[in-house]
Amino acid sequence: MEFKTHIRVRNVNVFYGKEQALKNVSVDIPDRRITAIIGPSGCGKTTLLKSFNRLIDTTDGVRVSGEISVDGENILDPKVEVTHIRKKMGLLSQKPYPLPMSIYDNVAYGPRIHGIKDKKRLDEIVERYLRQSSLWEEVRDRLRTPASRLSVGQQQRLCLARGLAVEPEIILGDEPTSALDPSSSQRIEQRFLELKNQYTIVIVTHILRQARRLADYVIFLYLGELIEHGTAEAIFENPKEQMTREYIKGIIS
Amino acid sequence: MQTKRLLKDRIASKLMLLLTVSSGLIVFVMAFGLYQRSRPILAIKPLSELLFSTSWHPLRGEFGFFPFIMGTLWVTGVAVAIAIPLCLLTAIYLSEYAHRWVREWTKPLIDLLAGIPSVVYGVWGVLIIVPLIKDYVAPFCGTFSSGYSVLAGGVVLAIMVFPIIIHVSVEVFRSVPYEVREASLALGATKWQTVKHVVMRKALPGVIAAIVLGLSRAFGETMAVLMVAGNVAKVPSSILDPAYPLPALIANNYGEMLSVPLYDSALLLSSLALLLVVLFFNIISRVILIRVERSIQ
């Protein structure tokens with residue numbers, strides 16, 4: 001399979017204080033595919049994901065070196081404006097965190113902070129992205145109620161709609177189904193499979209079966225090091241490294 | 001031997017229970033005592049006259065508390081108006097922007113303000129704030145003021161409530177889950193947008209509680225205000241006029257002029273009113289804070 005690269009990662013090192021969380025990671029993340037970052041907990045999966053939208057900057061005592069290019073722009077360059085990078089990427093976190101406002105305002109929040117004020121356009125945006133995250137039918141009559149009243153599964157779909165509403169190119173998911181029940185998880189996975197035609201999707205997951213179901217491309221990290229990366233087929237059917245083989249078989253975790 | 005040991009244990013625990021209960025009961029005992037002693041004046045004068053008459057002539061038997069109530073409200077109002085923006089911005093800075101070490105150094109320093117005896121604030125007010133108002137603020141506004149004024153009381157009081165409001169607000173802001181900020185930042189919001197639309201909104205009930213807590217401190221504060229507010233029994237008409245807040249009235253007169261009939265009863269009535277107002281504010285803010293804590297868990 002031929003891939004076009006969307007995110008290019010070169011020699012990325014991340015330190016939290018004295019501890020090194022990522023060691024010289026280089027990888028290309030393909031455009032409009034689902035990439036899964038797998039590996040045992042504490043191996044740097046989330047760190048790698050959060051360096052893509054520089055949310056990692058907000059951690060105390062963090063140092064990042066290397067180069068991450070998105071659309072040819074090195075986003076680790078200190079001169080880059082961070083809000084514009086983040087607008088390109090929607091984030092789904094482990095647990096859904098709706099903003100403390102109504103369902104409508106949650107989706108409209110992103111477009112509003114980026115300057116859209118027109119009521120009719122906002123209405124359209126809210127409807128379109130709630131439909132795209134398959135929540136519209138369930139909430140169309142109560143758009144003005146606080147988002148916190150939704151079920152956890154609905155909240156996660158709302159967070160997806162909220163992220164899509166700023167029209168990103170990339171969707172980042174940090175174990176996005178780990179707090180959800182099986183049927184809600186399935187709905188989120190289904191959305192991902194539909195969305196990959198339009199978006200580059202990167203998810204962190206510790207569920208190997210989920211990676212198998214979704215991923216086109218897989219990155220395996222172990223203790224901050226990139227052990228192996230390749231197409232899902234190559235990684236799952238024919239891993240080159242001993243460690244990858246053992247992880248996939250469940251010998252190391 | 002064995003029974004003696006157990007007996008001691010039981011006595012100790014009962015004794016401690018008794019002490020705990022009695023310290024809790026003191027509030028009620030005080031409120032009841034004040035009520036008992038203020039009954040003579042309540043029996044003669046209608047409450048509306050006591051609260052709304054501006055005529056304060058104890059020797060003629062006229063006890064209108066209105067100037068003092070207004071004095072309290074003016075001074076407290078000015079204090080809160082000064083304190084709210086300064087405290088909120090400080091709390092936001094400390095919780096959202098400041099480096100960890102700045103926060104760790106500044107917070108104890110601000111908390112230290114709470115430990116300064118109020119008479120020291122009073123002296124400081126007399127030496128610094130009062131002359132400042134007399135020589136600069138009043139001429140600038142084109143009027144005359146002795147400096148002993150609502151504004152002086154408000155400024156001193158504002159500084160006294162800083163530590164409470166800042167401390168509680170910082171705690172409230174820090175209790176907003178980090179991931180909610182992350183969600184907003186991840187959409188490309190700036191830090192200020194995140195603070196304004198998300199953190200503030202989530203923290204609002206707690207911030208209100210912090211302010212009410214500061215307010216209840218301001219209401220009852222006596223010494224520092226008494227020293228700088230001027231103590232003239234007249235409803236102030238501007239912040240440069242002197243004021244005579246209730247606590248100052250009680251402190252200045254109780255024990256001095258008790259030969260005047262009903263004077264004692266009138267002062268105790270105002271003490272009761274003060275106690276109830278402060279109690280009420282405290283309860284409200286505690287209830288809000290408890291609810292905030294629950295909603296976070």
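User: What volume does the second largest pocket have?

Analyst: A pocket is an open space with protein around it, in contrast to a cavity, from which a probe cannot get out. In this predicted model, the volume of the second largest pocket is about 580 Å³. Its lining consists of 25 residues, and those closest to the centre are A:T58, B:S95, B:E96, B:Y178 and B:K191.

User: Which helices each supply at least two residues of that lining?

Analyst: Chain A contributes in this way through α2 (82-87). From chain B come α3 (66-97), α4 (100-115), α6 (150-174), α7 (178-186) and α8 (191-220). The most is given by α8(B), with four residues.

User: How many helices and strands does chain B have, and in what order do its elements run?

Analyst: Chain B has 11 helices and two strands. Read from the N terminus, the order is α-α-β-β-α-α-α-α-α-α-α-α-α.

User: What share of chain B counts as buried?

Analyst: A residue is called buried when its relative accessible area is under 20%. By that criterion, 43% of the 297 residues of chain B are buried. The accessible surface of chain B is about 15,800 Å², with 70% belonging to carbon and sulfur atoms.

User: Which share of the contacts in chain B joins residues 24 or more positions apart?

Analyst: Among contacts with a separation of 6 or more, such residues account for 73%. The C-alpha atoms of chain B fill a box of roughly 80 × 70 × 35 Å along the principal axes.

Conventions:
Residues numbered from 1 in each chain as written. Chains lettered and ligands numbered in written order. Predicted model: local features only at pLDDT ≥ 70, side-chain atom pairs only at ≥ 80, totals over all residues. Heavy atoms only, no water. 1 Å grid on protein atoms, 1.4 Å probe; cavity = no way out; pocket = protein on both sides within 12 Å on 5 of 7 lines; lining within 4 Å. Points joined across faces, edges and corners; volume = space filled by probe spheres on them. Buried < 20%, exposed > 50% of the residue type's maximum accessible area, 1.4 Å probe, protein only. Contact = heavy atoms within 4.5 Å. Areas by Shrake-Rupley, 256 points an atom, 1.4 Å probe, with all protein chains shown as cover.
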